[in-house]
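Look over the sequence and the model, then read on.

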There are 2 protein chains.
Amino acid sequence: MADIQSMAHAIRFLAIDAILNAGEGHQGVPLGMAEIAATLYARQLKADPADPLWPDRDRVVLSNGHGSMLLYALLHLSGYEAVTTEALKSFRRLGSVCAGHPEIEQHAGIEITTGLLGQGIASAVGMAVAEARLAARFGSGLVDHRTWAFVGDGCLQEGIGQEAISLAGHLQLGKLTFLWDDNHITDDGDTALSISEDVPARFAAAGWHVQSLDGHDIDTISDALEAACADPRPSLLACRTRIARGLPRLEATRGGHSAPLTAQDAQEARAALGWDAPPFEVPAAVLGDWRGALRRGAEVRSAWQDRLSGTADRAEFERWTSGELPADWPKVAARLLGVAQNGAPGPTITASGDVCDALADTLPELMVLCADLEAPTNHKRARTAFTALERGGSYVHCGVREHLMGAMTGGIAAHGGLRPVNVTYLAFADYERPAMRMAALMGLPGIFAFSHDSIGVGSNGPTHQPVEILASFRAMPNMRVFRPADAVETAEAWQIALETQEGPSLMALSRQLADLVRDGAGENMSRRGAYLLHPAEPERDLTLLATGTEVALAVAARERLAAQGIRAAVVSMPCWELFEAQPEAYRAEVLGEAPRIGVEAALAFGWQKWLRPRDVFIGMTGFGASDRAERLYAHFGITVESIVAAGRKLAG
Amino acid sequence: MADIQSMAHAIRFLAIDAILNAGEGHQGVPLGMAEIAATLYARQLKADPADPLWPDRDRVVLSNGHGSMLLYALLHLSGYEAVTTEALKSFRRLGSVCAGHPEIEQHAGIEITTGLLGQGIASAVGMAVAEARLAARFGSGLVDHRTWAFVGDGCLQEGIGQEAISLAGHLQLGKLTFLWDDNHITDDGDTALSISEDVPARFAAAGWHVQSLDGHDIDTISDALEAACADPRPSLLACRTRIARGLPRLEATRGGHSAPLTAQDAQEARAALGWDAPPFEVPAAVLGDWRGALRRGAEVRSAWQDRLSGTADRAEFERWTSGELPADWPKVAARLLGVAQNGAPGPTITASGDVCDALADTLPELMVLCADLEAPTNHKRARTAFTALERGGSYVHCGVREHLMGAMTGGIAAHGGLRPVNVTYLAFADYERPAMRMAALMGLPGIFAFSHDSIGVGSNGPTHQPVEILASFRAMPNMRVFRPADAVETAEAWQIALETQEGPSLMALSRQLADLVRDGAGENMSRRGAYLLHPAEPERDLTLLATGTEVALAVAARERLAAQGIRAAVVSMPCWELFEAQPEAYRAEVLGEAPRIGVEAALAFGWQKWLRPRDVFIGMTGFGASDRAERLYAHFGITVESIVAAGRKLAG
């Protein structure tokens, strides 16, 4: 039998040594959760450090990511090769796999980036959903693993954490377990400063299986883990712990969280716990126990590999888990354009739904999440719901929980095997933003399809009308922001987004009608980010740059200007980020030297990239208002007439 | 005795008539909550339509703001003059006080803008905090009112709503009551699609007083309102209702929410409920009951006015509630600069804390909210906590609930009497963003003081390092974004923010040390938004534009360039929005014609406003990394050396 107590102490001292060596860090979590973590690894976790990417591994999420040394110590001790002693010694330094907070590196066993509070457990809900859906498709012989999330008080106070509790209970994600570090301490001091809630009762109200236990008692923890595995509900293990356990000066105090450690602290801890090993060294017997801990994972993986080899589903399973598109993808993509072209003029959100429908059979790995807007966003028609009883569905009614939904999107993408599509109104992108930033930071694919892109929302008014949201996401690194002009560009955006593995894509789609501005034959022009939709021959007097439904305004203005002898080119700019990645010569050709008018039903912020001081921008100058869309466009002067008037002035 | 049932029907028919007239709207809430609302107004609400701004009025928040016709009907019927029949007839049209969602117009009785789900109840928590704090200061003779929030399922599913429940319970805000429209329907259909939580149990777990009742039974509602008033805890009235009650075709169905109404629907409702009055008319007896409903408010207000006249506190009470600064404000502000100048070089977040401390006596109406970061943000030193037992404190430990805190900030400002200051890390501004947008949209003052402004965060890494957040808020209308260079500019930003009544101010403050770059004598230069910190005589070869701690880098580079014979001017740009409001001539003078280098430890997005194509930007190009701040600045090339090298190239 492994000596789990000593295994826990090994975590403690690696954490103390690394934090002391780095000169900073958060000892509270690794020291307080050492017994919980060691017991999980010794008794329950299914993983094999020899193959960190094994698709059927259990997922471990350190939601309280500031306690990152817990995770690094676990990975190092259990045999993940990338987490070397040298890596521990470079904790919190550039280039180290042991960054201040965990940063996704699945080869090293780091499943997901965590640290902004609440994101981790919300992502874990996405992982558990992915597991259940994949198990329904491929059977428990290929997919049967658990998601374990270490979680602190902060994650549970966050709204996103509360949303996670509620939906996980509703969906009865029985293979999801939260290991709560109930240490009664947050950054401000005693948790009683800011919470007096009965947390176990709150989980119980949401349908969870709840156990309260001593987080330092290994047998109790072991039994609780067993019980969690046996229960069909998601499980909370409310583990009463002492923060920074083992550091005589700091244990169970506010300073336990992250007060600077001294050499004396380390010495006192060694004396108190009878730990003789020098810094960064682990006694051979303890290391032996650790290296043996996940041996059962290797055995299980070997049997799994046999099952995979024997199944006719192998190729499809491997395609899903690799994230590869099907071999006939070019044909499928061409068909999408056909779907778009055949549509009557309609909202681009409907075009997006059409595309999503058309993919239901050919890309069954799509998983659509929607925040209680099924009817106005049109992405369920070809799908059934994923529910507590029916795991085969590919549409999750996430409820009015956008922030959670954003993090689930990242969690599903990080889990692998499914392609998440996230649907709601663009105004709620602000609710999802922190989670979307995580997806961009992690470089995870995912489609964020937002409807109601502008004042085109109409009478629901300025609370629901994005004016600055496009700019705010164009400012975000590694986020591709699409605002398609019509159904064709919408289909093109889907194609690009699905072919993009290195980060998420946002689509700002319209509630208002969008006429087709292009026939969609030939090249996917949206790949260029911006392109000459209508050139002006032999030479242009003016360039009209527009996005979304304002492209049609520019096209109409071009005709009127032509009647007045002014030759205006029209440039559609569905994705600035892709345009910026084009060769300089292409960009110069598209933009031209003639005076420019930018048209977008949004603020000018950011448009200075394309407009020179004497060029003109036609768009919003502040928040919107409440009236029908067409009246608002007129009220705010985003009209064909405005473009024509400005064009005459500029070209005159 | 008033006929409350008929009063409720009057709400129903005004809502039906207005929605039918507008051709769209949400009938579910006004029809489903008519009895609840009528009973509240007839039996409990303390308000006087003759003086909608009376400081001691009860606050009513329609958190399920899509049901705006409920509020407009209530205001019209109870005698708020601004809500005329004409206004009801222009529901959802430009210029109408009856916008699609309620938009703050306190003269008309609309306390706060609501509609993005969850914002309303979270703001209501802020209002209840404000009431309790003001009552502690001025006594219950002047301040003794309640906050009532109508709330739907959506608001309670949102994370921000869950945060509100948790903190309101913790703070035991006994004068706060949520009236929950438990109609079992959301946009997607039955609430069972997305929630199976025991909502009353969830509230009880957070320390609320909970009653479950029939939301159409007037006596029961009346008793429950009494019980809510009597209980020292915040109260949830879980009112089981039938959505769109009274419309035979739609009652208790998914379409009840907002399916288009027909003339026949209106007719059928009139027949079903025996309502003979023509559209927009209210039978005289019913109108009489409505006009009498708030008569007790007029009496209570009169007595209150007498008490106010008789108290020595009158002038101070009136100053607080008007939002005016004290008469000696210029002297106080000058002293703030002194505080700043005397400080040793330090983080600007510490300078901000120093200023906040220095205001504790002279601006006692400041109310500081902080999300579990007391120690690293330094804004509590001169304050005691506002708690369930001690209402006199001016510092709220909001816990790890940033989104709620943002909305509380708006709620406190909307309530009036206090000046809210909101403190956390800038990375968490993304969590608060939807609430900050609401403050900007409403034009409410409030200081959002964020620390940890950039890669200066250090080893906590990219999750916690803003790179795009400055740009994302510069893109937001009516938000003043300050990034002060040093303690002097920090004090200046505080002065400006406190003198600004028409919208919120954001301060991006540093964890890293900031040397003083200015002595602060004379004019508040930050009012100009940007200014020549160091001119170059007789003529400049180069202009260095910088914000925050990068101003000191520009100053150092200027000296090194001077030694090489290159004359560089340094422009500090603490607030772009204020600079843009300056006269063209001033801006031209500051920016000059020489080549420019922009320096900011953030992405270039937005800097194209100030930089021409051949100018240079020195800053970030993507997300940050985990290491100490000084190493990150070097790693990303944001250094004096980089500026000097670029300057030589540009000016050479």
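## Two crossing helices

At what angle do helix α4 and helix α12 of chain B pack, and how far apart are their axes? The angle is about 90 degrees, and the axes lie 7 Å apart. Angles from 65 to 115 degrees count as roughly perpendicular, so α4(B) and α12(B) are roughly perpendicular to each other. Helix α4 of chain B covers residues 68-78, and helix α12 of chain B covers residues 284-293. Keep in mind that this is a predicted model.

Which residues make the contact? From α4(B) come B:Leu74, B:His76, B:Leu77 and B:Ser78. From α12(B) come B:Leu287, B:Trp290 and B:Arg291. By type, the residues of this contact are four nonpolar, two polar and one charged.

## A parallel sheet in chain B

Strands of a sheet pair through backbone hydrogen bonds, either parallel or antiparallel. In chain B, five strands form an open sheet with parallel pairing. Their order is β1-β2-β3-β7-β6. The edges are β1 (59-62) and β6 (209-214) of chain B, and each pairs on one side only. On average, neighbouring strands of this sheet are turned by 15 degrees against each other, direction ignored.

One pairing can be followed in detail. Strand β3 (residues 176-182) and strand β7 (residues 235-240) of chain B run parallel, joined by six bridges. Within this pair, B:Thr177 stands opposite B:Ser235 of β7(B).

## A mixed sheet in chain A

Chain A holds an open sheet of five strands, and its pairing is mixed. The strand order is β16-β18-β17-β19-β20. Here the edge strands are β16 (531-534) and β20 of chain A, each pairing on one side only. Neighbouring strands of this sheet are turned by 30 degrees against each other on average, direction ignored.

How do β16(A) and β18 of chain A run, parallel or antiparallel? They run antiparallel, and three bridges join them. Strand β18 of chain A spans residues 568-572. A:Tyr531 stands opposite A:Ser572 in β18(A).

A helix packs on this sheet: α26 (residues 640-651) of chain A. Helix α26 touches β17 (542-546), β19 (596-599) and β20 of chain A. The direction of α26 makes about 160 degrees with that of β19(A).

## Backbone details in the loops

Each chain has a cis peptide bond to look for. In chain A, the bond from A:Glu537 to A:Pro538 is cis, with omega near -5 degrees. A:Pro538 lies in the loop between β16 and β17 of chain A. In chain B, the bond from B:Glu537 to B:Pro538 is cis, with omega near -10 degrees. B:Pro538 sits in the loop between β16 (531-534) and β17 (542-546) of chain B.

A:His452 has a phi near 60 degrees, a positive value in a residue other than glycine. This residue is in the loop between β12 (447-451) and α20 (469-474) of chain A.

## The largest pocket

How much space lies in the largest pocket? It holds about 1,800 Å³. The lining has 50 residues. Closest to the pocket centre are A:Gln608, A:Lys609, A:Leu611, B:Gln608 and B:Lys609.

Some elements give two or more residues to the lining. In chain A these are α24 (584-591) and β20 (616-618). In chain B they are α23 (576-580), α24 (584-591) and β20 (616-620). By type, the lining residues are 25 nonpolar, seven polar and 18 charged.

Technical notes
Residues numbered from 1 in each chain as written. Chains lettered and ligands numbered in written order. Predicted model: local features only at pLDDT ≥ 70, side-chain atom pairs only at ≥ 80, totals over all residues. Heavy atoms only, no water. 1 Å grid on protein atoms, 1.4 Å probe; cavity = no way out; pocket = protein on both sides within 12 Å on 5 of 7 lines; lining within 4 Å. Points joined across faces, edges and corners; volume = space filled by probe spheres on them. Helix = DSSP H or I, 4+ residues; strand = E, 2+ residues; numbered from the N terminus. Nonpolar A, V, L, I, M, F, W, Y, C, P; charged D, E, K, R; others polar. Axes fitted to C-alpha atoms, helices over the stretch in contact; angles between N-to-C directions. Parallel < 35°, antiparallel > 145°, perpendicular 65-115°, else oblique. Contact = heavy atoms within 4.5 Å. Pairing = 2+ DSSP bridges.
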